[in-house]
Amino acid sequence: MAHGAFEQTYAAAEDRYEHLAYRRAGASGLDLPPLSLGLWQKFGTDYPPRTQREIILRAFDLGIAHFDNADRYGPPHRAAQQVFGAVLAKDLAPYRDELVLSTKAGNPIGPSPYLKGGSRKSLLNSLDHSLRDLRTDYVDVFYHHRPDPTVPIEETVGALASAVQQGKALYVGVSNYDPEQAHEAAVLLREAGVPLLVHQPRYSIFDRTPERSGLLDLAARDGFGLVVYSPLAQGLLTDKYLEDIPAGARAENSAFLKPDQIDAAYRERAAALNDLAKDRGQSLAQLALQWVLRRPEVTSALIGASSTWQLDHNAKALDFPDLTDDELEHIDEHGVHGTGLGI
Ligand SMILES: NC(=O)c1ccc[n+]([C@@H]2O[C@H](COP(=O)([O-])OP(=O)(O)OC[C@H]3O[C@@H](n4cnc5c(N)ncnc54)[C@H](OP(=O)(O)O)[C@@H]3O)[C@@H](O)[C@H]2O)c1
């Protein structure tokens, strides 16, 4: 079927909503898939474009209709959004209403004071640029990427609210805010008539910060959902590093996961968790995803993928029985906060 100037070669799988049970984001009216796909790593000029397109389309075929982006993702910065924009134009345009597209601004993408931070200038300029890169006239969720204590929170939150009032975003979110900052943002946004939809923190068996800081409890109280990133601890919570570092894996080729993070303590704990997963008939990756999603405050686990195999495999994470109290205790014993993460 022809769509616009392009030959439409992609047709979405008809059974795409039969794999994953969507979850409500906090007290909002929006449902999100339990797994969302992020384009942080391996969506840029350093990975085959054909594979990137296949991963995006497979995600949608599996019912993963929420795609998480940022002006910063690449390499180089902005490249991931351009990749997504090309796939949207070529393949996904007929399905735009079925997509939840997120973008973020405020993490530095250049030396200019207007290419970082939480000012109104930085955030709204970035959003306009992202809309051009994504080739869409609105995003579904616009996030402030990380707190900027040098800017009054009223200004940052005001810029997020303006994005919605201008029709450039449907909802807003914050990321990497501590509970106090998140609560302040939630209160101000509620007053502005643009409730905080979601918060994006890092959370996994090896990073318990949202439990320790009280963010999980705050999310329930303030009515926002959590879209938790790096639930596989960038691959550490899979079986791939139990023996060695496989060729092409993130620990081999990324600035964000280094070979020395894979030490003896990591291997011992990951092996114990892997044994537990095997006893349950699942993989460590599936166990790790099921574990973050055991909490109702967590709306979606935001995963990365470097192959369609990983997506197919991870999408089965919720096909297993709930974790028992004994299993959760066992996970706590071996899932020591900070393992492999240097925190
Ligand atoms: N807000 C923020 O500040 C922030 C920060 C970081 C991330 N994020 C968001 O969160 C998203 C996900 O982060 P992440 O990529 O760190 O998440 P992750 O799900 O913890 O790690 C994903 C990586 O693990 C490996 N992997 C996935 N499934 C696997 C499997 N079944 N077996 C073996 N290896 C597997 C792949 O890496 P390889 O195959 O390449 O080794 C994959 O790219 C990002 O894309 C971004 O959207 C947000």
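Guide: We'll start with the ligand, then turn to a few residues and a helix. Keep in mind that this is a predicted model.

Visitor: How far is the side chain of Asp-68 from an oxygen atom of the ligand?
Guide: An N or O atom of the Asp-68 side chain is 2.6 Å from a ligand oxygen.

Visitor: And which ligand atoms pair up with Ser-175 and Asn-176?
Guide: For Ser-175, a polar side-chain atom lies 2.8 Å from a nitrogen atom of the ligand. For Asn-176, a polar side-chain atom lies 2.8 Å from an oxygen atom of the ligand.

Visitor: How much of the ligand does the protein bury?
Guide: The protein buries 95% of the 910 Å² that the ligand exposes when taken alone.

Visitor: What kind of space does the ligand take?
Guide: The ligand's space is the largest pocket.

Visitor: New topic. Is helix H10 buried or exposed?
Guide: Buried. Nine of the nine residues in H10, which covers residues 284–292, are buried, so the helix is largely enclosed by the rest of the structure.

Visitor: Which residues are those?
Guide: Among them are Leu-284, Gln-286, Gln-290 and Trp-291.

Visitor: Now Arg-208. Where is it found?
Guide: Arg-208 sits in the loop between strand E10 (196–200) and helix H6 (209–213).

Visitor: Why does Arg-208 count as buried?
Guide: Because its relative accessibility is 8%, and buried means under 20%.

Visitor: What lies 2.8 Å from a polar atom of the Arg-208 side chain?
Guide: The backbone oxygen of Ile-205 does.

Visitor: Last one, Glu-191. Buried or exposed?
Guide: Exposed. Glu-191 has a relative accessible area of 63%, and the cut-off for exposed is over 50%. Glu-191 lies in helix H5, residues 179–191.

Visitor: How far apart are Glu-191 and Leu-318?
Guide: In sequence, 127 residues. In space, Glu-191 and Leu-318 are 37 Å apart, C-alpha to C-alpha.

Conventions: Residues numbered from 1 in each chain as written. Predicted model: local features only at pLDDT ≥ 70, side-chain atom pairs only at ≥ 80, totals over all residues. Heavy atoms only, no water. Polar contact = N/O pair within 3.5 Å; in protein donor to acceptor, adjacent residues only side chain to side chain. Areas by Shrake-Rupley, 256 points an atom, 1.4 Å probe, with all protein chains shown as cover. 1 Å grid on protein atoms, 1.4 Å probe; cavity = no way out; pocket = protein on both sides within 12 Å on 5 of 7 lines; lining within 4 Å. Sits in = over half its atoms within 2 Å of the grid points. Helix = DSSP H or I, 4+ residues; strand = E, 2+ residues; numbered from the N terminus. Buried < 20%, exposed > 50% of the residue type's maximum accessible area, 1.4 Å probe, protein only.
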